[in-house]
Amino acid sequence: MDIHQVVMCRALYAEAETYLARNDGIHVGLAVSIAQDSVELFLRAVMKEYPVPGQKIPDEFIKCMDYIDIAANGDEDKYVPFRAKLIELNKARVNFKHYGLVPDKTDARRMLAHVEDFFDVAAERFFNVRFSELSITDLVISSAVRERLNLAHEGLREGEVEKALGHSAESVVVASGELIALLSARSSSWGP
């Protein structure tokens, strides 16, 4: 699984939510557009994971969903969920991007809620991960650093700022130590 791409989808979706919270015309349109981008990036990750032999990866949004449904080979549990709602999202994005038509705020909120529902189902369906639990820390290579960053995040969620700061500081110390060890090993192999 390409965790990098799925984590990027999570980051894009979070950005869409931030724009939606601003609650004015241009930001509502950008929220819809970014949410659609997050879905399309996710669909591309799915297509990489489940290729169809002899089929070219399509460029068009709806054809991406068709490709995935073909790859499912009749297994309805592997079809793209919320397809009609994603098509509605794509239409709103096209109307905003190409025609300057700003979506209604209520419609935009509803569409982003459908995107969240899509990710909740699709992430588990295609990648066996909980979308809401994905974080940029999933990209950290060092398990020791990643563990401390996750503990720091947990502290933030629980409102324990001292715990969060402590684990964040530990992650810096561990990362620095790992970097120094790596550089020392490399410099000793270069000779005097």
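Helices α1 (residues 3-22) and α5 (residues 105-127) pack at an angle of about 165°, and their axes lie 11 Å apart. That makes the two roughly antiparallel (the word is used for angles over 145 degrees). This is a predicted model, where local features need pLDDT of at least 70, side-chain atom pairs count only at pLDDT 80 or more, and totals for chains, interfaces and linings use all residues. Residues are numbered from 1 along each chain as its sequence is written, and side-chain values use heavy atoms, leaving out hydrogens and water.

**The α1 and α5 pair**
- The crossing of α1 and α5 is left-handed.
- On the α1 side, the contact (heavy atoms within 4.5 Å) includes Val-6, Cys-9 and Tyr-13, while α5 brings in residues including Leu-112, Val-115 and Phe-119.
- By type, the contact has 10 nonpolar residues, no polar ones and three charged.

**Salt bridges**
- The whole structure has 12 salt bridges (a side-chain nitrogen of Lys or Arg within 4 Å of a carboxyl oxygen of Asp or Glu).
- Arg-93 and Asp-37 meet in one of them, at 3.9 Å from N to O.
- That pair links distant parts of the chain, with Arg-93 in helix α4 (residues 83-99) and Asp-37 in helix α2 (residues 25-49), 56 residues apart.
- Arg-93 is buried at 12% relative accessibility, whereas Asp-37 is partly exposed at 34% (buried means under 20% relative accessible area, exposed over 50%, partly exposed in between, with a 1.4 Å probe and protein chains only).
- Arg-83 pairs with Asp-66, their closest N and O atoms being 2.3 Å apart.
- Asp-66, Asp-69 and Arg-83 form a linked network of salt bridges.

Technical notes:
Axes are lines fitted to C-alpha atoms, for helices over the stretch in contact, and angles run from 0 to 180 degrees between N-to-C directions. Helices (H or I, at least four residues) and strands (E, at least two) are DSSP runs, numbered from the N terminus. Angles under 35 degrees count as roughly parallel, over 145 as roughly antiparallel, 65 to 115 as roughly perpendicular and the rest as oblique. A crossing is left-handed if the near helix is turned anticlockwise from the far one by less than a right angle, and right-handed if clockwise. Ala, Val, Leu, Ile, Met, Phe, Trp, Tyr, Cys and Pro count as nonpolar, Asp, Glu, Lys and Arg as charged, and the others, Gly among them, as polar.
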